Amino acid sequence: MTNFASVAALLLLLCFPVAFSGHDYGQALSKSLLFFEAQRSGVLPRNQRVTWRSHSGLNDGKSSGVNLVGGYYDAGDNVKFGLPMAFTVTMMAWSVIEYGNQLAANGELGHSIDAIKWGTDYFIKAHPEPNVLYGEVGDGNTDHYCWQRPEEMTTDRKAYRIDPSNPGSDLAGETAAAMAAASIVFRRSNPAYSRLLLSHAYQLFDFADKYRGKYDSSITVARKYYGSVSGYNDELLWAAAWLYQASNNQFYLDYLGRNGDSMGGTGWSMTEFGWDVKYAGVQTLVAKFLMQGKAGRHTAVFQKFQQKADFFMCSLLGKGSRNIQKTPGGLIFRQRWNNMQFVTSASFLTTVYSDYLTSSRSYLRCSAGNVAPSQLLSFAKSQVDYILGDNPRATSYMVGYGNNFPQRVHHRGSSIVSYKVDRSFVTCRGGYATWFSRKGSDPNLLTGAIVGGPDAYDNFADRRDNYEQTEPATYNNAPLLGVLARLSCGHSGYSQLLPAVPAPVVVRRPMPIRKPRVTSPVRASGPVAIVQKMTGSWVSKGRTYYRYSTTVINKSPRALKSLNLSIKNLYGPIWGLSRSGNSFGLPSWMHSLQSGKSLEFVYIHSTTPANVAVSGYTLA
């Protein structure tokens, strides 16, 4: 973890105490990671924190001559489904890639990386040959017939695989994406492991692309539970995007450019994102490449990807031509069964897209007009706040968070007394009679689990047999890691298209170092007032750096149509303004600054505040 640990001293740049809302996002983040430990299959490690769980699935794969011990149970049952597990790992890795420093600031980076590695270690075992991938252990039909703890399950543990004769491009493509994304996470902390993951990703992508077919036509027992409705084209594009991000290999960028139209990347206008349908995620990633200036000869195609990414974001905000449904309490609503999976995944995409747009000094283009990137982050916050209890029922849909959360979760392990407490054998059907039908609370707290959530009218019934609403899933939690880490560090924007902690500019003739004032006096020039505050400091290589937040306030009764600022004695990077030569102005997405309103920009350097002054303005 040295790649993130090496910048630990700089974390004040990205995460400092804020009063974002009444919710403790850091606590919610910590709890959400515990859920992944409750879902572990295999030999549990000594540092296992969910102590009511024990070893399970120790013979998985044995009948097929392969070691498939490990991995995650997907939800409230004891089956290991490869497609949602791979999506879970991809989203956890994306969270670390974007918000690793924020996770570290909350003390949860190590736990996040452990959660990713628990999945990738399993995928390495499940991919024993270049064109063979095991995609499921156990099956939903026999598993659902029984209600047993994973430590003593008696259900069939047959392993199912894809190969050239029985292809599964969607499964292999998603697993390639997971391995590629995870390789970025381990690039500096464990280079050998990172290279191993990337080599598996290359092979899996080639397998998926060469031998095309839907995995649920080969692993038919998965169709009832995780059927591939969207097909495999979205996973092929998704895998190519992650392989490009992981390898910087032009082949994968060209693949996106050549196949974006024919595979639906530029054609599908989406209002959902999840373990089955990846188009909105692909469109978001390709838009990032475009904003980074990497599109090259594929610019025209990548612009169409970005238009579809904008469509998705606008539909969530209610500012598009086709908007997603919301409950009266404001939660986006896609379906009755486990709706929360779409809430958390959409919240993640709006969070990163907000930061991408802010970093590129752009705005969201909706049919209802241009939208500031901050509205996307505000939307994500509203959805997370709903999950944590700001809803008509005042119910937290994260188990263990707040005072009112689900007590009767549809989950075998949590609903049956711990194997460590009582080793009396729970029979297949006896588990239903004794434990499933109980009216009491679960004997084991499934801390951090995000359950399926309320219906279209904000109604929720806390019953164990109400699997549509009370069953949790790993892919509900995975996207939330990045969102909670981001929200825990405040609402201020920063550059996601640049390195997370930019290197300060070296000053050839350094200024005398003296501790700056925390707040500088208000400077006024006509109707414009300027106030600067030092919001953070840190020491790097013997030099102290300061982060300054500068607020520009329009004190005129009229709107400011344009503003020119002169900034002298600036010796580091700056964010939040547009720049033309030596002059700075309103950010590109802000067409005017209304009366009484303010804007904030941020800069970093190693001395006293820069000299910020108004050099010109135009009133409406």
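**Figure 1. Packing of helices α11 and α12 in the predicted model.** Helix α11 (residues 279–291) and helix α12 (residues 299–317) meet through residues on both sides. From α11, the contact involves Ala-280, Val-282, Gln-283, Thr-284, Val-286, Ala-287, Phe-289, Leu-290 and Met-291. Their counterparts in α12 are Thr-299, Phe-302, Gln-303, Phe-305, Gln-306, Lys-308, Ala-309, Phe-312 and Met-313. The two axes come within 8 Å and cross at roughly 125°; α11 and α12 are therefore oblique to each other. The crossing of these helices is left-handed.

**Figure 2. Packing of helices α2 and α18.** Helix α2 (residues 25–38) lies against helix α18 (residues 474–488), with the axes 9 Å apart and an angle of about 155° between them. Angles over 145 degrees count as roughly antiparallel, and α2 and α18 are therefore described in this way. The crossing of α2 and α18 is left-handed. On the α2 side, the contact is made by Tyr-25, Gly-26, Ala-28, Leu-29, Ser-32, Leu-33, Phe-35 and Phe-36. On the α18 side, Thr-474, Asn-477, Ala-478, Leu-481, Leu-484, Ala-485, Leu-487 and Ser-488 take part.

**Figure 3. The open sheet of three strands.** The strands are arranged in the order β1-β2-β3, and their pairing is antiparallel. Strands β1 (80–81) and β3 (159–162) stand at the edges; each has a single partner strand, so one side of each is left without a neighbour in the sheet. Strands of a sheet pair through backbone hydrogen bonds, either parallel or antiparallel. Here, strand β2 (residues 133–137) is joined to β3 by four bridges, and these two strands run antiparallel. Within this view, Val-137 stands opposite Ala-159 of β3.

Figure 4. The side chain of His-200 forms a polar contact with the side chain of His-127, at 2.7 Å. With neighbours within four places in sequence left aside, the residues in contact with His-200 are Ile-124, His-127 and Met-179.

Technical notes:
Residues numbered from 1 in each chain as written. Predicted model: local features only at pLDDT ≥ 70, side-chain atom pairs only at ≥ 80, totals over all residues. Heavy atoms only, no water. Polar contact = N/O pair within 3.5 Å; in protein donor to acceptor, adjacent residues only side chain to side chain. Contact = heavy atoms within 4.5 Å. Pairing = 2+ DSSP bridges. Axes fitted to C-alpha atoms, helices over the stretch in contact; angles between N-to-C directions. Parallel < 35°, antiparallel > 145°, perpendicular 65-115°, else oblique. Left-handed = near helix turned anticlockwise from the far one by under 90°.
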